[in-house]
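Please read each point with the structure open beside it.

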Amino acid sequence: MTEVLARRTFRGLSTAEAIDSVHNELDKLWEDAPFVQAMDQMTFTTAVVESASNIVQHAHPAAARPVELGVDISVRTTQLQARVSAYHAKPPFGPLEPGTADDDAESGRGLALIEALVTTVTFERQDGTNTWVLTRTSQS
Amino acid sequence: MEFSYEVKDSYAEVKADGRLNMVSAPKLREFVTDVIAGGSSRIVVNLENTAFMDSSGLGALIGCLKAARQAGGDLRIAAVQPQVKMVLELTSMDRVLTSYASADEAFGND
């Protein structure tokens with residue numbers, strides 16, 4: 001594995017406001033890593049924000065502690081990777097596979113969109129934490 | 001995200017400036033609903049200054065489209081930027097949300 005050239009992290013309560021914070025960290029990341037092509041920046045930002053939003057909208061606390069959102073994004077020469085985690089959360093309820101939404105549906109496109117934006121998506125469940133690992137093979 | 005609107009001759013132009021995400025999507029829907037309630041059912045959402053949209057934002061636009069059609073009108077989008085265009089294409093919703101180069105062109109021929 002090649003060295004990490006740039007990295008940004010976020011951890012905080014899983015609230016709507018956290019989404020803007022994650023997005024701001026991504027903007028700063030691209031300032032730190034201007035060599036990443038604009039298309040890769042755009043697609044990866046969209047995937048990470050979409051995943052973080054999915055946690056804020058759907059992750060439920062496993063016990064009394066509230067769910068926390070964690071995002072760890074790293075840039076390597078040929079790979080972008082984000083670990084998007086829901087801490088203190090129940091295992092996801094419902095299918096982890098993307099469905100197909102009707103044309104007039106107002107939700108249900110998030111997972112399919114994420115899969116279209118990145119090279120691989122994997123899910124890990126460990127110690128009360130759900131983690132989505134997004135990787136995109138960079139063109140840089 | 002900031003919203004504003006202006007009633008033109010044959011439509012109302014809604015400007016949405018900022019990130020159209022899960023935070024702002026409900027606000028867009030509320031804003032457009034109010035514009036429709038005010039008597040304008042032909043809506044153009046000008047996305048010139050919307051640099052980012054996620055699936056929540058897309059859902060809000062679809063909700064606004066349905067609301068406009070239920071009121072006897074339509075909703076069209078204009079000045080779509082690259083990231084928004086990408087999301088529309090990847091979800092195939094560019095077939096449903098008609099995009100125009102400018103707000104003036106959106107209802108130009110009806």
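This is a predicted model: local features need pLDDT of at least 70, side-chain atom pairs count only at pLDDT 80 or more; totals for chains, interfaces and linings use all residues.

1. In chain A, strand S1 and strand S2 (residues 68-75) pair in the antiparallel sense over eight bridges, where strands are DSSP runs of E of at least two residues, helices are runs of H or I of at least four, both numbered from the N terminus, and two strands count as paired if DSSP finds at least two bridges between them. Within this pairing, A:Phe10 stands opposite A:Val71 in S2(A). Helix H1 (residues 16-32) of chain A packs on the sheet and touches S1, S2 and S3 of chain A, its direction making about 170° with that of S1(A); axes here are lines fitted to C-alpha atoms, for helices over the stretch in contact, and angles run from 0 to 180 degrees between N-to-C directions.

2. Residues are numbered from 1 along each chain as its sequence is written, chains are lettered from A and ligands numbered from 1 in the order in which they are written, and side-chain values use heavy atoms, with hydrogens and water left out.

3. The sheet of chain A is open and has five strands in the order S1-S2-S3-S5-S4, with antiparallel pairing. Strand S1 (6-13) and strand S4 (120-126) stand at its edges, each with a single partner strand, so one side of each is left without a neighbour in the sheet. With direction ignored, neighbouring strands of this sheet are turned by 10° against each other on average.

4. In chain B, strand S2 (residues 12-20) and S3 pair in the parallel sense over four bridges, with B:Val45 in S3(B) as the bridge partner of B:Val14. S3(B) is also joined to S5(B) by five bridges, and these two strands run parallel; here B:Asn46 has B:Ala78 in S5(B) as its bridge partner. Four of the five residues of strand S3 (residues 42-46) of chain B are buried, so the strand is largely enclosed by the rest of the structure; buried means under 20% relative accessible area, exposed over 50%, and partly exposed in between (1.4 Å probe, protein chains only).

5. The largest nonpolar core has 68 residues, among which A:Leu69 and B:Leu75 touch the most other members; such a core is a set of buried Ala, Val, Leu, Ile, Met, Phe, Trp, Tyr and Cys residues joined through side-chain atoms within 4.5 Å. Helix H2 (residues 38-58) of chain A gives the largest share of this core, eight residues. Leaving aside neighbours within four places in sequence, A:Leu69 is in contact (heavy atoms within 4.5 Å) with residues including A:Phe10, A:Val22, A:Ile55 and A:Val84.

6. At the interface, 24 residues of chain B are in contact with 24 residues of chain A. The two chains bury about 2000 Å² between them, 61% of it on carbon and sulfur atoms, buried area being the accessible area (1.4 Å probe) that two parts lose on being put together, summed over both. Five salt bridges are found across this interface, a salt bridge being a side-chain nitrogen of Lys or Arg within 4 Å of a carboxyl oxygen of Asp or Glu. One joins B:Arg19 and A:Asp27 (2.9 Å, N to O).

7. Another salt bridge is formed by A:Asp103 and B:Arg95, whose closest N and O atoms are 3.0 Å apart. A:Asp103 lies in the loop between S3 and H3 of chain A and B:Arg95 in the loop between H3 and strand S6 (99-100) of chain B, so the pair joins two chains. A:Asp103 is partly exposed at 34% relative accessible area, whereas B:Arg95 is exposed at 55%.

8. Two backbone positions deserve a look. Phi of A:His88 is near 60°, a positive value in a residue other than glycine, and A:His88 is buried, with a relative accessible area of 19%. Phi of B:Ala79 is likewise positive, near 55°, and B:Ala79 lies in the loop between strand S5 (74-78) and helix H3 (82-90) of chain B. For context, most residues other than glycine have a negative phi.
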